[in-house]
Amino acid sequence: MKRLLARSLRQLRLARALLEHAQTPRASKWLLAAALAYAATPIDLVPDWLPVVGHVDDFVVVGLLFWMAWRLVPADVVTECRAQIRIE
């Protein structure tokens, strides 16, 4: 569980670095912002009070948005942002 939390925090820091990078495509920035907003807001496609399904949809939607954003970002930009995160 600790490893999953640490990995999630690293991914969030990477998303932030990608959002701030000048060479990140605008579509990727919008998708990353949408993923972060969806994760932070209480508004969901499936309400969280439904057992299991309510939380699984959060992971699916956020994961899909992150995946779509990553597909649009050039590999050298991702590498540069990962290196920047390691330095910090």
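## Packing of α1 against α2

The axes of helix α1 (residues 2–20) and helix α2 (residues 26–40) come within 10 Å of each other and cross at roughly 140°. In this predicted model, α1 and α2 are therefore oblique to each other, since an angle has to be over 145 degrees to count as roughly antiparallel. The crossing in which α1 passes α2 is left-handed.

On the α1 side, the contact is formed by L12, A15, L18 and L19, which meet K29, L32, A33 and L36 of α2. By class, the residues of this contact comprise 7 nonpolar and 1 charged, with no polar residue.

## Packing of α2 against α3

For α2 and α3, the axes come within 8 Å and the crossing angle is roughly 165°. The two helices α2 and α3 are therefore roughly antiparallel to each other. Their crossing is left-handed.

From α2, the residues A27, S28, L31, L32, A34, A35, L36, Y38 and A39 take part in the contact. Their partners in α3 are D57, D58, V61, V62, L65, F66, M68, A69, W70 and L72. The contact of α2 with α3 contains 16 nonpolar, 1 polar and 2 charged residues.

## The largest pocket

The largest pocket holds about 620 Å³ of space. Its lining consists of 21 residues, of which S8, L12, F59, V62 and F66 are the closest to the centre of the pocket. Two or more lining residues come from each of α1, α2 and α3 (53–72). The largest share belongs to α1, which provides 7 residues.

In terms of class, the lining of the largest pocket has 13 nonpolar, 4 polar and 4 charged residues.

About 170 Å³ of space lies in the second largest pocket. The residues lining this pocket are R7, R10, Q11, R13, L14, R82, I85 and R86. At least two lining residues are supplied by each of α1 and α4 (75–87), and α1 gives the most, with 5 residues.

The lining of the second largest pocket divides into 5 charged, 2 nonpolar and 1 polar residues. Among the charged residues are R7, R10, R13, R82 and R86.

Conventions: Residues numbered from 1 in each chain as written. Predicted model: local features only at pLDDT ≥ 70, side-chain atom pairs only at ≥ 80, totals over all residues. Heavy atoms only, no water. Axes fitted to C-alpha atoms, helices over the stretch in contact; angles between N-to-C directions. Helix = DSSP H or I, 4+ residues; strand = E, 2+ residues; numbered from the N terminus. Parallel < 35°, antiparallel > 145°, perpendicular 65-115°, else oblique. Left-handed = near helix turned anticlockwise from the far one by under 90°. Contact = heavy atoms within 4.5 Å. 1 Å grid on protein atoms, 1.4 Å probe; cavity = no way out; pocket = protein on both sides within 12 Å on 5 of 7 lines; lining within 4 Å. Points joined across faces, edges and corners; volume = space filled by probe spheres on them.
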